[in-house]
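Here is a short briefing to read alongside the model on your screen. Take it topic by topic, and keep the viewer open as you go.

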Amino acid sequence: DTKKLVNDSLSKAKQELEFRNNPGIVQDGYYNPVSGIGTHIDPGIKTSSFIPVSMSPAEATSYYSSGGIPTKVINKKSGCLNLDGIKFEGKDWTPEELTQLADYAQECGFADAKAQADVYALIYGGAVVYPKFENDSPIMTQKGITEILDAQNKEKDFIKYWVAADRWNCVFVPETNITLQDYLYAKSIFVPLGGERVNTRRCAMVRPNKQPFWSAIAQMGWSTSDFEGWIKDFESYAIMKASLPIMAQQMSLMYHSFPADGLIIENGPQYAEKFFKENEKEMRTWSMLNPKAINSVGEIKILDRTYTGFKDLIQESKIAFSAGCGIPESVLFAEKPSGLASDNSNDVELKQSETIRLLFNNISPCYKNCIELLVYSCFGRNSEQAKKAKNVRIAPDSGIILSDQDKAGLGQAFAAIQGQLMGTGWPLKEAISMAQKFVPSAEIDDNIMDALTAGEGEGMNKELWNALNGGNNEL
């Protein structure tokens, strides 16, 4: 290390000497050893790509915990996955069963554990979620689902709470002969904070960004931190923003103008050169921040140079940052469309929904084991719902907050579709169900449906009810 340091110092000194002795080199030229432009350390030639090694937990934590834009990006991505609360969908499942399962997920803590794990997965590149049962023990945590269910003393509601841990708090315990399966499809993991070895059959191994083979091996089977893809662009934006005052200050050039003919004639060119150097040395201490009283021959002038591209310069760095993190610039920086007729809401919603949906497609399947156990605990081990526990999954969220005006528009569209269907002879209940398929946001529970379809039984005028029901009473 000492030898390398000495060589670097000698190389730098040689470059500085070459720079001083070569009058053809200028500070803003294409060959500048001071900044590295045109040399072997030119940042423009560093275009090689390498398999990423996920950043340390300390660095990732510092970016997220410090607040600001990095925290905002992580919270937006993870929060939009559960914006309207956790919901489920599945084949052969009734709306009432799905609603009951969603309510139980909130009550037993699964929704909170999932939201926390989604944040951990984006920050650190992976997370684990698993339930703790009534009669859990260090031996029982290593059992599969069948053994766990057989050991329960209750038919249902046997989940006590949920555990969420980031990837750095999980240790793979490989077999004697280490294989690829030990990392990509491990049978168990050791959680140091809980002091227990947990069977992955009861876990959700959350990997937000699926890695190809060679990268997955480098990450020990986990994904990479979401920071890896855009943190350099964020740093560039922050540095650019902090450099603006310095750049603006350097736009003005101060110079000293005075006749030197008499000085050269009277004292010679060597004395004049020495005088210029001393004068330049003194002028370096002059600034608006450090005023001095001076008595000088000649005139001191300020040459103002203007640059109008500051806004464009910052805009380019913001665009690069937004593209890297996958969140529209207008959403990330809360910018409003300009102009009387400007409206970029459709573009913003499309891009944001696309980013969140792609992330959801990677994360949602990871919770399959947890959802299966959630069904068993909610409805019972031997219930009818338990037979289709593997056919239910988390329903996607659009990731968009609707305004009151948007909700009113959806209500009008729902009513129009329903009315047109009933006008063609559809019964009221079927018309409402079909309209919901076109406008999923229009949620109608059983009580509202019963009130709408009560009709004649509640004493409504027979002719009026027949008209509302599309004339089906006459069939």
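Predicted model: local features only at pLDDT ≥ 70, side-chain atom pairs only at ≥ 80, totals over all residues.

**Overall picture**

- The protein has 475 residues, and 37% of them are buried.
- Its secondary structure amounts to 19 helices and ten strands.
- Among contacts with a separation of 6 or more, 68% join residues 24 or more positions apart.

**The three-stranded sheet**

- Three strands make up an open sheet in the order E3-E2-E7, and their pairing is antiparallel.
- At the edges lie strand E3 (159-166) and strand E7 (204-206), each of which pairs on one side only.
- From one strand to the next, the twist averages 20°.

**Where H15 meets H4**

- H15 (residues 368-379) also packs with helix H4 (residues 95-108), at an angle of about 100° and with the two axes 10 Å apart.
- Angles of 65 to 115 degrees count as roughly perpendicular, so H4 is roughly perpendicular to H15.
- On the H4 side, the contact is made by Glu97, Gln100, Leu101, Tyr104, Ala105 and Cys108. On the H15 side, the residues are Leu374, Val375, Ser377, Cys378 and Phe379.
- Sorted by class, this contact of H4 with H15 holds eight nonpolar, two polar and one charged residues.

- Strand E5 (residues 188-191) and strand E6 (residues 196-199) run antiparallel and are joined by four bridges.
- Isoleucine 189 has valine 198 in E6 as its bridge partner.
- Four residues lie between E5 and E6 in this hairpin. In the turn, glycine 195 has a positive phi of about 65°.

**The buried side of H17**

- The residues concerned are Leu428, Ala431, Ile432 and Ala435, which are buried in helix H17 (residues 428-438).

- Aspartate 92 is not a glycine, yet its phi is positive, at about 70°.
- You will find aspartate 92 in the loop between strand E1 (88-90) and H4.
- Is aspartate 92 buried or exposed? Its relative accessibility is 55%, so aspartate 92 counts as exposed, given that exposed means over 50%.
- Methionine 220 is another residue other than glycine with a positive phi, in this case near 60°.
- The loop between helix H8 (213-218) and helix H9 (231-249) is where methionine 220 sits.
- With 38% relative accessibility, methionine 220 counts as partly exposed.

Key
Residues numbered from 1 in each chain as written. Heavy atoms only, no water. Axes fitted to C-alpha atoms, helices over the stretch in contact; angles between N-to-C directions. Helix = DSSP H or I, 4+ residues; strand = E, 2+ residues; numbered from the N terminus. Parallel < 35°, antiparallel > 145°, perpendicular 65-115°, else oblique. Contact = heavy atoms within 4.5 Å. Nonpolar A, V, L, I, M, F, W, Y, C, P; charged D, E, K, R; others polar. Pairing = 2+ DSSP bridges. Buried < 20%, exposed > 50% of the residue type's maximum accessible area, 1.4 Å probe, protein only.
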